[in-house]
Amino acid sequence: SLYIVILFYTKQLLFIMSKVVCISQNVFIAWYPCLSLSMISSCPYGISCRVGSCHLNMATGQNISKSEAEIEKLAKENKTEIMNVLPRSVSDKLRKKKYKFVCKRHFEKENQQEKKKSPEKVEEKLDKEAETVENAKESKPKEPIDMTPLPKMRKLIDFSNKVYVAPLTTVGNLPFRRVMKKFGADITCGEMAVAKNLLEGKSGEWALMKRHPDEDIFGVQIAAGHADMYTRLTEIIKNEDLDVDFVDMNLGCPIDVLCDNGCGAMLMLRENKLRDSIKGMMGVLDCPITVKIRTGWDEKKPFAHKLVPKIQAWGLGGVAAVMIHGRSRLQRYSKLANWDYIQEVAAAQSSEVPQIPIIGNGDILSYKDYEEKVLKHEGLSPTAMLGRGALIKPWLPTEIKEKRDWDISASERLDLLKDFVKFGLEHWGSDQRGVNTTRRFLLEWLSFLHRYIPVGMLEVIPQSMNQRPPNYLCGRSDLETLMLSKNSKDWVKISEMLLGQAPDGFVFEPKHKAKSY
(Lines give C-alpha, C1' and ligand atoms only; values in the text may rest on other atoms or scores of the structure.)
Protein backbone atom coordinates (compact mmCIF):
# COMPACT_ATOMS: atom_id res chain seq x y z
CA SER A 1 0.00 0.00 0.00
CA LEU A 2 2.90 2.35 0.74
CA TYR A 3 4.31 1.62 -2.69
CA ILE A 4 0.99 2.55 -4.33
CA VAL A 5 0.83 5.82 -2.39
CA ILE A 6 4.41 6.74 -3.38
CA LEU A 7 3.69 5.86 -7.03
CA PHE A 8 0.52 7.97 -7.02
CA TYR A 9 2.22 11.08 -5.63
CA THR A 10 5.22 10.57 -7.94
CA LYS A 11 2.90 10.63 -10.94
CA GLN A 12 1.19 13.74 -9.61
CA LEU A 13 4.57 15.44 -9.10
CA LEU A 14 5.73 14.53 -12.60
CA PHE A 15 2.46 15.87 -14.03
CA ILE A 16 2.89 19.20 -12.23
CA MET A 17 6.55 19.40 -13.29
CA SER A 18 5.58 18.76 -16.92
CA LYS A 19 3.08 21.63 -16.68
CA VAL A 20 5.73 23.96 -15.25
CA VAL A 21 8.19 22.99 -18.01
CA CYS A 22 5.50 23.61 -20.64
CA ILE A 23 4.75 27.03 -19.13
CA SER A 24 8.46 27.91 -19.01
CA GLN A 25 8.81 27.07 -22.71
CA ASN A 26 5.68 29.02 -23.64
CA VAL A 27 6.40 32.64 -24.65
CA PHE A 28 3.36 34.65 -23.57
CA ILE A 29 1.99 37.64 -25.48
CA ALA A 30 2.02 40.21 -22.71
CA TRP A 31 -0.01 43.09 -24.16
CA TYR A 32 -3.20 41.10 -24.76
CA PRO A 33 -5.43 39.49 -22.07
CA CYS A 34 -7.16 36.18 -22.75
CA LEU A 35 -10.68 36.91 -24.01
CA SER A 36 -11.81 33.31 -23.46
CA LEU A 37 -11.69 33.93 -19.72
CA SER A 38 -13.86 37.03 -20.10
CA MET A 39 -16.51 35.12 -22.07
CA ILE A 40 -16.61 31.63 -20.51
CA SER A 41 -15.78 30.02 -17.16
CA SER A 42 -12.21 28.94 -18.06
CA CYS A 43 -9.87 29.07 -21.02
CA PRO A 44 -10.23 25.87 -23.11
CA TYR A 45 -6.57 26.01 -24.19
CA GLY A 46 -5.14 25.82 -20.64
CA ILE A 47 -1.33 25.81 -20.47
CA SER A 48 -1.07 25.98 -24.28
CA CYS A 49 -2.74 29.41 -24.35
CA ARG A 50 -0.28 32.00 -25.63
CA VAL A 51 -2.00 34.75 -23.63
CA GLY A 52 -2.56 32.57 -20.56
CA SER A 53 -0.48 34.53 -18.07
CA CYS A 54 -3.73 36.02 -16.71
CA HIS A 55 -5.39 32.67 -15.95
CA LEU A 56 -2.51 30.28 -15.14
CA ASN A 57 -0.83 29.58 -11.83
CA MET A 58 2.83 29.84 -12.85
CA ALA A 59 3.97 27.68 -9.93
CA THR A 60 1.66 24.69 -10.46
CA GLY A 61 0.37 25.19 -14.02
CA GLN A 62 -3.24 25.10 -12.81
CA ASN A 63 -5.82 26.68 -15.13
CA ILE A 64 -7.78 29.16 -13.01
CA SER A 65 -11.56 29.09 -13.50
CA LYS A 66 -14.29 31.47 -12.37
CA SER A 67 -16.84 31.00 -9.62
CA GLU A 68 -20.45 29.98 -10.32
CA ALA A 69 -21.73 33.51 -9.60
CA GLU A 70 -19.30 34.98 -12.13
CA ILE A 71 -20.28 32.32 -14.70
CA GLU A 72 -23.98 33.20 -14.34
CA LYS A 73 -23.18 36.88 -14.73
CA LEU A 74 -21.14 36.17 -17.86
CA ALA A 75 -23.98 34.10 -19.36
CA LYS A 76 -26.32 37.11 -19.07
CA GLU A 77 -23.81 39.67 -20.40
CA ASN A 78 -22.25 37.54 -23.14
CA LYS A 79 -23.38 38.92 -26.50
CA THR A 80 -20.37 37.92 -28.58
CA GLU A 81 -21.50 34.46 -29.61
CA ILE A 82 -20.67 33.75 -33.24
CA MET A 83 -23.73 33.11 -35.41
CA ASN A 84 -24.28 30.84 -38.44
CA VAL A 85 -22.36 27.90 -37.01
CA LEU A 86 -23.60 24.77 -38.80
CA PRO A 87 -24.45 21.91 -36.40
CA ARG A 88 -22.18 18.88 -36.59
CA SER A 89 -25.13 16.58 -37.30
CA VAL A 90 -26.04 18.59 -40.41
CA SER A 91 -22.48 18.61 -41.76
CA ASP A 92 -22.31 14.83 -41.21
CA LYS A 93 -25.51 14.35 -43.22
CA LEU A 94 -24.09 16.50 -46.02
CA ARG A 95 -20.84 14.54 -46.10
CA LYS A 96 -22.73 11.22 -46.20
CA LYS A 97 -25.20 12.63 -48.77
CA LYS A 98 -28.16 11.91 -46.48
CA TYR A 99 -29.51 15.46 -46.17
CA LYS A 100 -33.06 15.62 -47.51
CA PHE A 101 -33.44 18.25 -50.25
CA VAL A 102 -36.62 19.22 -52.05
CA CYS A 103 -34.78 20.36 -55.17
CA LYS A 104 -33.42 17.60 -57.43
CA ARG A 105 -30.02 17.65 -59.08
CA HIS A 106 -29.77 18.83 -62.66
CA PHE A 107 -28.82 15.36 -63.93
CA GLU A 108 -31.75 13.61 -62.26
CA LYS A 109 -34.69 12.88 -64.56
CA GLU A 110 -38.13 13.69 -63.22
CA ASN A 111 -39.89 10.84 -65.00
CA GLN A 112 -37.18 8.26 -64.40
CA GLN A 113 -39.52 5.83 -62.63
CA GLU A 114 -42.24 6.17 -65.25
CA LYS A 115 -39.80 5.36 -68.07
CA LYS A 116 -38.84 2.12 -66.33
CA LYS A 117 -42.49 0.97 -66.45
CA SER A 118 -43.73 -1.14 -69.34
CA PRO A 119 -45.74 0.52 -72.19
CA GLU A 120 -48.89 -1.38 -71.13
CA LYS A 121 -48.84 0.14 -67.62
CA VAL A 122 -48.31 3.59 -69.09
CA GLU A 123 -51.38 3.11 -71.37
CA GLU A 124 -53.47 1.96 -68.37
CA LYS A 125 -52.44 5.07 -66.46
CA LEU A 126 -53.43 7.30 -69.39
CA ASP A 127 -56.84 5.57 -69.66
CA LYS A 128 -57.48 6.15 -65.96
CA GLU A 129 -56.56 9.82 -66.30
CA ALA A 130 -58.97 10.15 -69.26
CA GLU A 131 -61.79 8.56 -67.23
CA THR A 132 -61.26 10.94 -64.32
CA VAL A 133 -61.40 13.91 -66.72
CA GLU A 134 -64.73 12.67 -68.22
CA ASN A 135 -66.21 12.10 -64.75
CA ALA A 136 -65.18 15.60 -63.75
CA LYS A 137 -67.01 17.03 -66.78
CA GLU A 138 -70.23 15.11 -66.03
CA SER A 139 -70.24 16.13 -62.36
CA LYS A 140 -71.89 19.35 -61.25
CA PRO A 141 -69.70 22.43 -61.56
CA LYS A 142 -68.26 23.65 -58.31
CA GLU A 143 -67.10 27.09 -57.30
CA PRO A 144 -63.52 27.65 -58.43
CA ILE A 145 -60.94 27.65 -55.64
CA ASP A 146 -58.21 30.22 -55.88
CA MET A 147 -54.95 28.25 -55.46
CA THR A 148 -52.67 31.19 -56.19
CA PRO A 149 -49.86 31.18 -53.60
CA LEU A 150 -49.63 34.19 -51.37
CA PRO A 151 -46.71 36.53 -52.09
CA LYS A 152 -43.72 35.84 -49.85
CA MET A 153 -42.82 38.57 -47.40
CA ARG A 154 -39.17 39.57 -47.76
CA LYS A 155 -36.87 41.67 -45.66
CA LEU A 156 -35.97 44.83 -47.57
CA ILE A 157 -32.45 46.25 -47.65
CA ASP A 158 -31.72 49.79 -48.73
CA PHE A 159 -28.14 49.99 -49.99
CA SER A 160 -28.28 53.72 -50.80
CA ASN A 161 -26.04 56.13 -48.87
CA LYS A 162 -24.26 53.27 -47.13
CA VAL A 163 -20.70 51.94 -47.08
CA TYR A 164 -20.64 48.34 -48.24
CA VAL A 165 -17.50 46.22 -47.75
CA ALA A 166 -17.45 43.84 -50.70
CA PRO A 167 -16.67 40.11 -50.29
CA LEU A 168 -12.87 39.71 -50.30
CA THR A 169 -11.37 36.25 -50.67
CA THR A 170 -8.87 35.27 -47.93
CA VAL A 171 -8.52 38.77 -46.44
CA GLY A 172 -12.23 39.54 -45.94
CA ASN A 173 -12.42 37.29 -42.88
CA LEU A 174 -14.51 37.86 -39.75
CA PRO A 175 -11.80 39.70 -37.71
CA PHE A 176 -11.15 42.04 -40.66
CA ARG A 177 -14.86 42.79 -40.99
CA ARG A 178 -15.01 43.64 -37.28
CA VAL A 179 -12.21 46.17 -37.81
CA MET A 180 -14.16 47.65 -40.72
CA LYS A 181 -17.27 47.95 -38.54
CA LYS A 182 -15.24 49.96 -36.00
CA PHE A 183 -14.37 52.43 -38.77
CA GLY A 184 -18.00 52.92 -39.84
CA ALA A 185 -18.83 50.26 -42.44
CA ASP A 186 -22.62 49.78 -42.72
CA ILE A 187 -22.92 46.52 -44.68
CA THR A 188 -20.55 43.56 -44.65
CA CYS A 189 -20.46 40.33 -46.61
CA GLY A 190 -18.67 37.04 -46.00
CA GLU A 191 -15.94 35.69 -48.23
CA MET A 192 -16.90 33.89 -51.44
CA ALA A 193 -18.01 30.33 -50.59
CA VAL A 194 -18.12 27.61 -53.26
CA ALA A 195 -21.49 25.85 -53.29
CA LYS A 196 -19.98 22.46 -54.17
CA ASN A 197 -17.81 22.47 -51.04
CA LEU A 198 -20.70 23.69 -48.89
CA LEU A 199 -23.00 20.92 -50.11
CA GLU A 200 -20.27 18.38 -49.29
CA GLY A 201 -20.27 19.62 -45.69
CA LYS A 202 -16.69 20.88 -45.62
CA SER A 203 -16.20 22.72 -42.34
CA GLY A 204 -13.59 25.11 -43.77
CA GLU A 205 -16.09 26.37 -46.33
CA TRP A 206 -18.94 26.69 -43.83
CA ALA A 207 -16.64 28.78 -41.62
CA LEU A 208 -16.89 31.51 -44.29
CA MET A 209 -20.61 31.89 -43.46
CA LYS A 210 -20.02 32.83 -39.82
CA ARG A 211 -21.33 36.16 -38.59
CA HIS A 212 -20.42 38.32 -35.61
CA PRO A 213 -23.14 40.18 -33.66
CA ASP A 214 -21.40 43.47 -34.54
CA GLU A 215 -22.37 42.94 -38.20
CA ASP A 216 -25.87 44.40 -38.18
CA ILE A 217 -26.40 44.02 -41.97
CA PHE A 218 -24.66 40.90 -43.24
CA GLY A 219 -24.77 38.82 -46.40
CA VAL A 220 -23.09 35.71 -47.76
CA GLN A 221 -21.66 35.28 -51.25
CA ILE A 222 -22.09 31.99 -53.10
CA ALA A 223 -20.41 30.76 -56.29
CA ALA A 224 -22.13 27.89 -58.14
CA GLY A 225 -22.40 26.62 -61.69
CA HIS A 226 -25.91 25.13 -61.63
CA ALA A 227 -29.35 26.32 -60.53
CA ASP A 228 -29.97 23.26 -58.36
CA MET A 229 -26.80 23.95 -56.34
CA TYR A 230 -27.97 27.49 -55.56
CA THR A 231 -31.45 26.22 -54.66
CA ARG A 232 -30.21 23.38 -52.47
CA LEU A 233 -27.87 25.69 -50.60
CA THR A 234 -30.65 28.16 -49.91
CA GLU A 235 -32.71 25.24 -48.56
CA ILE A 236 -29.98 24.62 -45.96
CA ILE A 237 -29.85 28.34 -45.11
CA LYS A 238 -33.62 28.36 -44.60
CA ASN A 239 -33.93 25.01 -42.79
CA GLU A 240 -31.03 25.61 -40.37
CA ASP A 241 -32.12 29.21 -39.61
CA LEU A 242 -28.83 30.81 -40.66
CA ASP A 243 -29.01 34.52 -39.92
CA VAL A 244 -28.30 36.32 -43.22
CA ASP A 245 -29.83 39.54 -44.52
CA PHE A 246 -29.12 38.85 -48.19
CA VAL A 247 -27.46 36.27 -50.44
CA ASP A 248 -25.04 37.48 -53.11
CA MET A 249 -24.59 35.49 -56.33
CA ASN A 250 -21.00 35.58 -57.56
CA LEU A 251 -20.93 36.13 -61.32
CA GLY A 252 -17.68 38.08 -61.29
CA CYS A 253 -14.86 35.84 -60.02
CA PRO A 254 -12.20 35.61 -62.78
CA ILE A 255 -10.30 32.62 -61.35
CA ASP A 256 -9.79 29.86 -63.94
CA VAL A 257 -10.62 27.00 -61.54
CA LEU A 258 -14.11 28.41 -60.91
CA CYS A 259 -14.81 29.52 -64.49
CA ASP A 260 -13.86 26.08 -65.83
CA ASN A 261 -16.62 24.60 -63.63
CA GLY A 262 -19.24 27.08 -64.84
CA CYS A 263 -19.01 29.28 -61.73
CA GLY A 264 -18.07 32.92 -61.32
CA ALA A 265 -17.85 35.01 -64.48
CA MET A 266 -18.73 31.98 -66.66
CA LEU A 267 -22.30 32.03 -65.33
CA MET A 268 -22.81 35.44 -66.99
CA LEU A 269 -22.68 33.62 -70.34
CA ARG A 270 -25.42 31.14 -69.36
CA GLU A 271 -28.63 33.15 -69.12
CA ASN A 272 -30.99 30.18 -68.71
CA LYS A 273 -29.04 28.84 -65.75
CA LEU A 274 -28.92 32.32 -64.23
CA ARG A 275 -32.70 32.72 -64.58
CA ASP A 276 -33.35 29.28 -63.08
CA SER A 277 -30.92 30.01 -60.23
CA ILE A 278 -32.69 33.25 -59.28
CA LYS A 279 -36.09 31.60 -59.61
CA GLY A 280 -35.08 28.64 -57.45
CA MET A 281 -33.57 30.81 -54.73
CA MET A 282 -36.56 33.13 -54.63
CA GLY A 283 -38.83 30.14 -54.09
CA VAL A 284 -36.99 29.28 -50.88
CA LEU A 285 -35.51 32.42 -49.31
CA ASP A 286 -37.26 35.05 -47.24
CA CYS A 287 -34.40 37.52 -47.75
CA PRO A 288 -33.46 39.35 -50.96
CA ILE A 289 -30.61 38.35 -53.26
CA THR A 290 -28.00 40.46 -55.05
CA VAL A 291 -26.09 39.67 -58.23
CA LYS A 292 -22.41 40.57 -58.62
CA ILE A 293 -21.26 40.75 -62.26
CA ARG A 294 -18.52 42.25 -64.43
CA THR A 295 -18.81 44.30 -67.61
CA GLY A 296 -18.41 41.15 -69.68
CA TRP A 297 -15.90 38.50 -70.68
CA ASP A 298 -13.71 40.68 -72.87
CA GLU A 299 -13.00 44.39 -72.48
CA LYS A 300 -13.72 45.02 -76.17
CA LYS A 301 -17.06 43.20 -76.13
CA PRO A 302 -18.96 44.10 -72.94
CA PHE A 303 -22.48 42.74 -72.59
CA ALA A 304 -23.64 43.78 -69.10
CA HIS A 305 -25.88 46.42 -70.75
CA LYS A 306 -27.79 43.51 -72.35
CA LEU A 307 -27.77 41.15 -69.37
CA VAL A 308 -29.14 43.55 -66.73
CA PRO A 309 -32.29 44.48 -68.76
CA LYS A 310 -32.96 40.75 -69.19
CA ILE A 311 -32.76 40.20 -65.41
CA GLN A 312 -35.16 43.12 -65.05
CA ALA A 313 -37.53 41.73 -67.71
CA TRP A 314 -37.69 38.30 -66.06
CA GLY A 315 -39.61 39.99 -63.25
CA LEU A 316 -38.76 37.31 -60.72
CA GLY A 317 -38.69 39.77 -57.82
CA GLY A 318 -36.46 39.67 -54.80
CA VAL A 319 -33.37 41.03 -56.57
CA ALA A 320 -32.32 43.87 -54.28
CA ALA A 321 -29.42 45.13 -56.40
CA VAL A 322 -26.98 44.30 -59.18
CA MET A 323 -23.34 45.07 -58.37
CA ILE A 324 -21.16 45.78 -61.42
CA HIS A 325 -17.36 45.64 -61.26
CA GLY A 326 -16.15 48.02 -63.96
CA ARG A 327 -13.72 45.51 -65.51
CA SER A 328 -14.11 42.44 -67.72
CA ARG A 329 -13.21 38.91 -66.73
CA LEU A 330 -10.02 38.88 -68.82
CA GLN A 331 -8.94 42.22 -67.33
CA ARG A 332 -9.16 40.84 -63.82
CA TYR A 333 -7.82 43.86 -61.88
CA SER A 334 -5.65 45.56 -64.51
CA LYS A 335 -6.39 49.04 -65.93
CA LEU A 336 -8.96 51.40 -64.43
CA ALA A 337 -12.59 50.53 -63.85
CA ASN A 338 -14.94 51.83 -66.56
CA TRP A 339 -17.54 53.86 -64.64
CA ASP A 340 -18.99 55.41 -67.80
CA TYR A 341 -20.00 51.95 -68.95
CA ILE A 342 -21.57 51.20 -65.54
CA GLN A 343 -23.72 54.31 -66.04
CA GLU A 344 -24.62 53.03 -69.52
CA VAL A 345 -25.78 49.72 -67.99
CA ALA A 346 -28.00 51.55 -65.49
CA ALA A 347 -29.54 53.62 -68.31
CA ALA A 348 -30.26 50.47 -70.37
CA GLN A 349 -33.06 49.36 -68.01
CA SER A 350 -36.65 49.78 -69.07
CA SER A 351 -38.71 52.51 -67.42
CA GLU A 352 -41.94 50.47 -67.82
CA VAL A 353 -40.80 47.78 -65.36
CA PRO A 354 -39.57 48.35 -61.78
CA GLN A 355 -35.87 49.08 -62.08
CA ILE A 356 -33.17 47.21 -60.16
CA PRO A 357 -30.71 49.39 -58.20
CA ILE A 358 -27.28 49.38 -59.85
CA ILE A 359 -24.23 49.59 -57.56
CA GLY A 360 -20.86 50.37 -59.12
CA ASN A 361 -17.60 48.92 -57.89
CA GLY A 362 -13.93 49.58 -58.61
CA ASP A 363 -11.03 51.90 -57.66
CA ILE A 364 -12.63 53.83 -54.77
CA LEU A 365 -9.75 54.85 -52.47
CA SER A 366 -10.94 58.24 -51.15
CA TYR A 367 -14.01 60.42 -50.73
CA LYS A 368 -13.04 62.25 -53.93
CA ASP A 369 -13.15 58.94 -55.82
CA TYR A 370 -16.57 58.18 -54.35
CA GLU A 371 -17.82 61.62 -55.38
CA GLU A 372 -16.45 61.46 -58.94
CA LYS A 373 -17.23 57.82 -59.68
CA VAL A 374 -20.55 57.27 -57.88
CA LEU A 375 -22.30 60.55 -57.19
CA LYS A 376 -21.53 62.23 -60.52
CA HIS A 377 -22.76 59.29 -62.62
CA GLU A 378 -26.53 59.35 -63.07
CA GLY A 379 -28.69 56.32 -62.44
CA LEU A 380 -26.36 54.66 -59.94
CA SER A 381 -27.25 53.87 -56.35
CA PRO A 382 -25.26 56.18 -54.02
CA THR A 383 -23.51 53.26 -52.36
CA ALA A 384 -19.79 53.20 -51.57
CA MET A 385 -18.84 49.61 -52.40
CA LEU A 386 -15.25 49.05 -51.26
CA GLY A 387 -12.94 46.25 -52.35
CA ARG A 388 -9.18 46.72 -52.43
CA GLY A 389 -9.71 50.25 -51.09
CA ALA A 390 -10.85 48.75 -47.78
CA LEU A 391 -7.73 46.56 -47.65
CA ILE A 392 -5.35 49.45 -48.33
CA LYS A 393 -7.23 51.98 -46.17
CA PRO A 394 -9.51 50.26 -43.63
CA TRP A 395 -10.41 53.71 -42.25
CA LEU A 396 -11.91 54.64 -45.65
CA PRO A 397 -15.56 54.45 -44.40
CA THR A 398 -14.71 57.21 -41.90
CA GLU A 399 -13.17 59.35 -44.65
CA ILE A 400 -16.24 58.93 -46.88
CA LYS A 401 -18.73 59.73 -44.13
CA GLU A 402 -16.76 62.71 -42.84
CA LYS A 403 -15.77 63.89 -46.36
CA ARG A 404 -12.10 64.33 -45.57
CA ASP A 405 -8.62 62.88 -46.13
CA TRP A 406 -7.39 61.41 -42.87
CA ASP A 407 -3.64 61.72 -42.26
CA ILE A 408 -3.58 58.74 -39.93
CA SER A 409 -0.41 58.23 -37.91
CA ALA A 410 1.70 55.07 -37.82
CA SER A 411 0.81 54.46 -34.16
CA GLU A 412 -2.91 54.64 -34.99
CA ARG A 413 -2.37 52.14 -37.78
CA LEU A 414 -0.56 49.86 -35.35
CA ASP A 415 -3.54 50.12 -32.99
CA LEU A 416 -5.92 48.88 -35.69
CA LEU A 417 -3.55 45.96 -36.33
CA LYS A 418 -3.71 45.23 -32.59
CA ASP A 419 -7.51 45.15 -32.87
CA PHE A 420 -7.24 42.68 -35.76
CA VAL A 421 -4.89 40.44 -33.76
CA LYS A 422 -7.23 40.62 -30.75
CA PHE A 423 -10.23 39.65 -32.87
CA GLY A 424 -8.18 36.98 -34.64
CA LEU A 425 -7.08 35.25 -31.43
CA GLU A 426 -10.67 35.37 -30.22
CA HIS A 427 -11.93 33.84 -33.48
CA TRP A 428 -9.21 31.30 -34.37
CA GLY A 429 -8.01 30.51 -30.85
CA SER A 430 -5.22 31.66 -28.57
CA ASP A 431 -3.12 28.49 -28.69
CA GLN A 432 -0.12 28.13 -31.00
CA ARG A 433 -2.27 27.02 -33.90
CA GLY A 434 -4.54 30.05 -33.50
CA VAL A 435 -1.51 32.35 -33.30
CA ASN A 436 -0.13 30.86 -36.53
CA THR A 437 -3.47 31.31 -38.30
CA THR A 438 -3.78 34.90 -37.07
CA ARG A 439 -0.22 35.64 -38.22
CA ARG A 440 -0.90 34.25 -41.67
CA PHE A 441 -4.03 36.35 -42.25
CA LEU A 442 -2.33 39.42 -40.75
CA LEU A 443 0.52 39.05 -43.26
CA GLU A 444 -1.96 38.61 -46.12
CA TRP A 445 -3.53 41.91 -45.09
CA LEU A 446 -0.14 43.64 -44.74
CA SER A 447 0.58 42.70 -48.37
CA PHE A 448 -2.13 45.28 -49.23
CA LEU A 449 -1.66 47.74 -46.35
CA HIS A 450 1.90 48.64 -47.40
CA ARG A 451 0.51 50.29 -50.57
CA TYR A 452 -0.90 53.19 -48.55
CA ILE A 453 1.09 56.43 -48.74
CA PRO A 454 0.46 58.84 -45.84
CA VAL A 455 -1.43 61.99 -46.80
CA GLY A 456 1.32 64.20 -45.35
CA MET A 457 3.86 62.73 -47.79
CA LEU A 458 1.79 63.14 -50.98
CA GLU A 459 2.45 65.85 -53.55
CA VAL A 460 -1.05 65.48 -54.98
CA ILE A 461 -4.00 64.54 -52.75
CA PRO A 462 -5.64 62.02 -52.77
CA GLN A 463 -3.75 58.86 -53.67
CA SER A 464 -5.17 56.89 -56.61
CA MET A 465 -5.58 53.13 -56.80
CA ASN A 466 -3.20 52.74 -59.76
CA GLN A 467 -0.36 54.76 -58.22
CA ARG A 468 2.60 52.65 -57.14
CA PRO A 469 4.61 53.94 -54.18
CA PRO A 470 8.30 54.34 -55.05
CA ASN A 471 10.85 51.84 -53.81
CA TYR A 472 12.66 52.53 -50.52
CA LEU A 473 10.20 55.25 -49.47
CA CYS A 474 11.09 56.71 -46.06
CA GLY A 475 8.30 57.61 -43.67
CA ARG A 476 8.11 60.25 -40.96
CA SER A 477 9.05 57.68 -38.30
CA ASP A 478 10.79 54.31 -38.16
CA LEU A 479 7.44 52.54 -37.74
CA GLU A 480 5.95 54.34 -40.74
CA THR A 481 8.99 53.44 -42.84
CA LEU A 482 8.59 49.80 -41.83
CA MET A 483 4.91 49.89 -42.82
CA LEU A 484 5.80 51.32 -46.26
CA SER A 485 8.19 48.47 -47.04
CA LYS A 486 7.42 46.08 -49.92
CA ASN A 487 9.68 43.43 -48.42
CA SER A 488 7.73 40.53 -46.89
CA LYS A 489 10.45 40.14 -44.23
CA ASP A 490 9.48 43.55 -42.86
CA TRP A 491 5.85 42.44 -42.71
CA VAL A 492 6.97 39.48 -40.61
CA LYS A 493 8.74 41.94 -38.27
CA ILE A 494 5.46 43.82 -37.80
CA SER A 495 3.68 40.54 -37.01
CA GLU A 496 6.37 39.74 -34.42
CA MET A 497 5.65 43.05 -32.70
CA LEU A 498 2.10 41.81 -32.10
CA LEU A 499 2.30 38.01 -31.96
CA GLY A 500 5.79 37.29 -30.73
CA GLN A 501 8.65 35.49 -32.45
CA ALA A 502 7.81 33.71 -35.70
CA PRO A 503 8.82 30.02 -35.99
CA ASP A 504 12.38 29.28 -37.14
CA GLY A 505 12.71 29.31 -40.90
CA PHE A 506 9.33 31.03 -41.36
CA VAL A 507 8.93 32.56 -44.84
CA PHE A 508 5.79 34.31 -46.05
CA GLU A 509 4.60 34.59 -49.63
CA PRO A 510 1.25 36.30 -50.42
CA LYS A 511 -1.52 34.03 -51.65
CA HIS A 512 -2.87 36.71 -54.00
CA LYS A 513 -0.34 38.50 -56.17
CA ALA A 514 -2.29 41.34 -57.78
CA LYS A 515 -0.63 42.24 -61.06
CA SER A 516 -1.89 45.79 -60.92
CA TYR A 517 -2.49 48.61 -58.48
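In this predicted model, the axes of helix H10 (residues 227-239) and helix H12 (residues 271-282) come within 8 Å. They cross at roughly 15 degrees. Angles under 35 degrees count as roughly parallel, and H10 and H12 are therefore roughly parallel to each other. The crossing of H10 past H12 is right-handed.

Residues of both helices make this contact. H10 contributes Ala-227, Tyr-230, Thr-231 and Thr-234. From H12 come Lys-273, Asp-276, Ser-277, Gly-280 and Met-281. By residue class, the contact of H10 with H12 holds three nonpolar, four polar and two charged residues. Lys-273 and Asp-276, both on the H12 side, belong to the charged class.

Strand S2 spans residues 187-194. Eight of its eight residues are buried, so S2 is largely enclosed by the rest of the structure. Buried here means under 20% relative accessible area.

S2 pairs with strand S1 and with strand S3. Strand S1 (residues 163-165) is joined to S2 by two bridges, and these strands run parallel. In this pairing, Val-165 stands opposite Thr-188 of S2. Strand S3 (residues 218-223) also pairs with S2 in the parallel sense, over five bridges. Here Thr-188 stands opposite Phe-218 of S3.

Terms used: Residues numbered from 1 in each chain as written. Predicted model: local features only at pLDDT ≥ 70, side-chain atom pairs only at ≥ 80, totals over all residues. Heavy atoms only, no water. Axes fitted to C-alpha atoms, helices over the stretch in contact; angles between N-to-C directions. Helix = DSSP H or I, 4+ residues; strand = E, 2+ residues; numbered from the N terminus. Parallel < 35°, antiparallel > 145°, perpendicular 65-115°, else oblique. Left-handed = near helix turned anticlockwise from the far one by under 90°. Contact = heavy atoms within 4.5 Å. Buried < 20%, exposed > 50% of the residue type's maximum accessible area, 1.4 Å probe, protein only. Pairing = 2+ DSSP bridges.
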